[in-house]
Amino acid sequence: MLAATLLALALALLGNAHACSKSTSYEAGIVCRITQPATLVLNQETTKVIQTAFQRASYPDIKGEKAMMFLGQVKYGLHNIQISHLSIASSQVELVEDKSIDISIQNVSVIFKGTLNYGYTGAWGLGVDQSVDFEIDSSIDLQINTELTCDSGRVRANALDCYLSFHKLLLHLHGKREPGWIKHLFINFISFTLKLVLKGQVCKQIDVIANIMADFVQKKAADFLSDTDTQVDISLTGPPVIKATYLESHHKGHVVYKNVSEDLSLPTFSSCLLGDSRMLYFWFSEQVLDSLAKAAFQEGRLMLSLTGDEFQAMLETQGLNTNQDIFQELFSGFPTSQAQVTVHCVKTPRISCQNQGVVVSSSVMVKFLIPHPGRQLFVAYAFEEDIITTIQASYSKKKLFLSLLDFQIKPKTVSNLNESSESVQSFLRSMITTVGIPEVMSRLEVVLTAFMNSKGLDLFEIINPEIITRDGYLLLQMDFGFPEHLLVDFLQRLT
């Protein structure tokens, strides 16, 4: 069951790509693929979800009347039916291509308890009414075939194709006497009604839980991709795809900034771009990454402000000599303790994905600010440069790492420089290449890791993750351990 929900419904969106031959194409900005090996991992805790379904189900009273030999008309009722014990032996999951996720659960041992009331008219017209506590010992197999559909852009689960097979259903009455005719009544009449009631209530609750879990996981995925005024629309572009070796969902991936969504045409995704040897794959169009960079720029996140002392310490950490006259010239001779340095993007950076890595193109303005009479700060020196960097990303030990593969710098403008000093220009070029770019990347590593961990990524056991770039898209592929914390969170919400 868990594999059909926490996994299959985790289509909430979360080997190397290879050339396509025969494949199916879809419109999508983000794609999630979960493979058969992942269903086996997630199926480990199916029993907990099934136990919750049995326990959450409400079992109505069963009442009836039947003519019994020697007793005449007997009225009976099973009241306050509850579960006193439940255990599950095993479960299996199978992906049925283009149809459903089939969960087979064997040997569900359940003991129901309650009160049996019965009454009849005895000899000499005397009415007999009795009440006795009972236990029903049962052994059941379940077959749950879950279909996944798209409903208003969200994954919906239909788990009503559900069957219960009873291998054992034995009635035990508390007390000294167990009238044989009651056992006969139970076996021949009551048990039939009881089976129908149990099937109806349990299967109904399984369907309810499947869709609660679908909503739960989709909200988790949406939350992971959102921050303050920026969200990512993970609405489905079509129904989830079920193949024999994987489940796959296709999402818009439009970035929404301050409740305004970009109206961009969706890229084309080919199914053969992803494999099935790893447990989990995410495919991101470069359009999604570019839109996220635009939103970060609009939110004013792409800027850095340092005190003069912080700036000096940063340079000295990288081995640059700050005692030379050139450094003092940048601040017009003012002490660094009174100065400030700001770095910000002048316009929206552009992101593209290539085989070599993620390419970031940006125009950066650096300002050296000093105090000025009558003003708070005065620009002593400023320069703007176009910078193109090629970056490779990796994830290890719950941290994101960025490696600089290549860069190009093109100077654009310089202002407030009294003398066009070539030595100052040379110092700044050295500062940008040896300190500026590495420092920005280092700070991005910390910020992005902190953001991902704030969303709970560090709680997952991610195994051998790979971040691969190809022309036009970025691919994440990984294995994982069972996300116990998600199951605990979900089950707590059900109680």
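In what order do the six strands of the open sheet run? This is a predicted model, to say that at the start. The order is β9-β10-β2-β14-β22-β21, with antiparallel pairing.

At the edges are β9, residues 241-242, and β21, residues 462-470, and each of these pairs on one side only. β9 is joined by two bridges to β10, residues 246-251, and the two strands run antiparallel. Within that pair, I242 stands opposite L247 of β10.

Helix α5, residues 286-298, packs on this sheet. The strands that α5 touches are β2 (30-35), β14 (280-285) and β22 (473-480). Between the direction of α5 and that of β14 the angle is about 65 degrees.

Now the cysteines. How many disulfides does a search of the whole structure find? One, formed by C162 and C203, with 2.0 Å between their sulfur atoms. The torsion about that S-S bond is about -70 degrees, so the disulfide is left-handed. C162 sits in strand β7, residues 154-173, and C203 in helix α4, residues 180-224; the pair is 41 residues apart and links distant parts of the chain. C162 and C203 are both buried.

Two other cysteines, then. C32 counts as buried because its relative accessibility is 0%. For C345, the closest cysteine sulfur is in C353, 17 Å away, so that is also too far for a bond. C345 has a relative accessible area of 16%, under the 20% cut-off, and therefore counts as buried.

Technical notes
Residues are numbered from 1 along each chain as its sequence is written. This is a predicted model: local features need pLDDT of at least 70, side-chain atom pairs count only at pLDDT 80 or more; totals for chains, interfaces and linings use all residues. Side-chain values use heavy atoms; hydrogens and water are left out. Two strands pair if DSSP finds at least two bridges between them. Helices (H or I, at least four residues) and strands (E, at least two) are DSSP runs, numbered from the N terminus. Contact means heavy atoms within 4.5 Å. Axes are lines fitted to C-alpha atoms, for helices over the stretch in contact, and angles run from 0 to 180 degrees between N-to-C directions. A disulfide is a pair of cysteine sulfur atoms within 2.5 Å. Buried means under 20% relative accessible area, exposed over 50%, partly exposed in between (1.4 Å probe, protein chains only).
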